[in-house]
Structure formats: C-alpha cells, structure tokens
Amino acid sequence: MAQALIIIDMQQALADLDHRDQVVATINQRIDQYRAAQRPIIFIQHTEPGMAVASPNWQLFTDLHYDDNDTYYIKTRPDAFYQTGLAAYLKMNHLNHIEICGAQVEYCVDTTVRVAFHLGFQIDLLMDGITTTASATLSAAQIKQHHAQIWHHRFGEFVTVKTPLVNEP
C-alpha cells in the first residue's frame, strides 16, 4: 500500500467542483487513516492569476483535515513535480509508492499521475477523492470516467477508503 498521500488543489477557487462535499469527506477519511498510521500527508496548492499565494482563492478548503505537521508544496503548472521539490522529498524519504487524490481530473491530477509514473513511482488513485468541473462538452462524471479508464492498470491502481494501509518495512 502507498506510503504517502498526495492531495492536489483542493482550494477555495474550485468551490464548484462536482460532488465537492462528498469528495472532501472521502479525502478527510483517508487523511485520518494516514495520520493514524503516521504516514506523510502532502498538500499541493496551485497558484496562477486569480489564485495568488495566500489569497482567499488559494487557501485550502477549510473543511479539509490539514495540519501544520503536513507537507505543503506550491505549484505553478499542472504537474505537481515541476519545480516544487516533491520528487526530491519523496526520494529522500524513500517514498516510492504514493496515493493521489484531489482536483482537477483532466488538468493537475492527470498530469501529476503521468509524471509520477514516468518518474518510477508506484501509484494508487483514490477515485472517490478525485473530481473536476464540467467542461463545455463533457460532464464532470464523463471526464472522470474517461481518465479512470486510461489510468486503471496502466498508470496506477484504484483504492478506496476501505483499502487498508499496510505496514511497510
């Protein structure tokens, strides 16, 4: 099972995410499990015009179970590894198996999943903890379903909050 939980872009600017409250509740369950197992929890926060660092839109959702002891990275691209120090942190701490959740499926989650795979990380995807917004042509559910079909067994494995965290050596 994964050694670190990575939560991507669960920020105030994305308040209209599909099933937002349900997704946050699922992520919180997983955060609580990782915290109880004393495993690293990593929050990734995107910044761009309209989401300036420390602005209200940039802040994490207040109902997330984040904590001062968690690890935080700021990113400027859809790739959570691009110029953030995330890969170095994971490698330095021998964390080669990661679990990913957050927003948005077709942008930052997908890019991070593909880059993590390319970098050699083993990936679990908390699918009930991943969401997006509808586009002009597809519903949020269609976007998520399309990416899930691509990711499953190619880039990572799916887990749920019921998937136990197993002690690793």
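**Close-up views of a predicted model**

View 1. Asp21 is exposed, with a relative accessible area of 56%, where exposed means over 50%, buried means under 20% and partly exposed lies in between (1.4 Å probe, protein chains only). Keep in mind that this is a predicted model, in which local features need pLDDT of at least 70 and side-chain atom pairs count only at pLDDT 80 or more, while totals for chains, interfaces and linings use all residues. Residues are numbered from 1 along each chain as its sequence is written, and side-chain values use heavy atoms, with hydrogens and water left out. Asp21 forms a salt bridge with Arg20, their closest N and O atoms lying 2.7 Å apart; the term stands for a side-chain nitrogen of Lys or Arg within 4 Å of a carboxyl oxygen of Asp or Glu. Arg20, at 15% relative accessibility, counts as buried.

**View 2. Asp9 and Lys75, a salt bridge between distant parts of the chain.** Side chains of opposite charge can pair when their charged atoms come close. Here the side chains of Asp9 and Lys75 meet at 2.9 Å, N to O. The two residues are 66 residues apart: Asp9 sits in the loop between β1 (4-8) and α1 (20-36), and Lys75 is in strand β3 (residues 71-75). Helices (H or I, at least four residues) and strands (E, at least two) are DSSP runs, numbered from the N terminus.

View 3. Arg114 and Asp110 form a salt bridge, with closest N and O atoms 2.9 Å apart. Why are they separated by about one helical turn? Because they are four residues apart in helix α3. Arg114 is partly exposed at 33% relative accessibility, whereas Asp110 is buried at 9%. Elsewhere, salt bridges with shared partners link Arg20, Asp21 and Asp63 into one network. The structure holds six salt bridges.

**View 4. Helices α3 and α4 side by side.** Two packed helices are described by the angle between their axes and the distance between the axes. Helix α3 (residues 105-118) packs against helix α4 (residues 140-151) at an angle of about 10°, with axes 11 Å apart. That makes α3 roughly parallel to α4. Which residues make the contact? Val105, Glu106, Val109, Asp110, Val113 and Arg114 come from α3, and Ile143, Lys144, His147, Ile150 and Trp151 from α4. Sorted by class, the contact has six nonpolar, one polar and four charged residues.

*Terms for this view:* axes are lines fitted to C-alpha atoms, for helices over the stretch in contact, and angles run from 0 to 180 degrees between N-to-C directions. Angles under 35 degrees count as roughly parallel, over 145 as roughly antiparallel, 65 to 115 as roughly perpendicular and the rest as oblique. Contact means heavy atoms within 4.5 Å. Ala, Val, Leu, Ile, Met, Phe, Trp, Tyr, Cys and Pro count as nonpolar, Asp, Glu, Lys and Arg as charged, and the others, Gly among them, as polar.

**View 5. The six-stranded sheet.** The strands of this open sheet follow the order β3-β2-β1-β4-β5-β6, with parallel pairing (two strands pair if DSSP finds at least two bridges between them). β3 and β6 (157-159) stand at the edges with a single partner strand each, so one side of each has no neighbour in the sheet. On average, neighbouring strands are turned by 25° against each other, direction ignored. Four bridges join β1 to strand β2 (residues 41-46), and Ile7 stands opposite Phe43 in β2. Helix α1 lies across β1, β2, β4 (97-103), β5 (122-131) and β6, running at about 140° to β5. Helix α3 also packs on the sheet, touching β1, β2, β3, β4 and β5, and its direction makes about 170° with that of β4.

**View 6. Strand β4, covered on both faces.** In a regular strand the side chains alternate between the two faces of the sheet. How many residues of β4 are buried? Seven of its seven. His97, Glu99, Cys101 and Ala103 lie on one side, with Ile98, Ile100 and Gly102 on the other. Five bridges join β1 to β4, where Gly102 is the bridge partner of Ile8. Six bridges join β4 to β5, and Glu99 has Asp124 in β5 as its bridge partner.

View 7. Most residues other than glycine have a negative phi, and most peptide bonds are trans. A cis peptide bond joins Ala103 and Gln104, with omega about -15°; Gln104 lies in the loop between β4 and α3. His19 has a positive phi of about 55° and belongs to the loop between β1 and α1. His153, in the loop between α4 and β6, has a positive phi near 65°.
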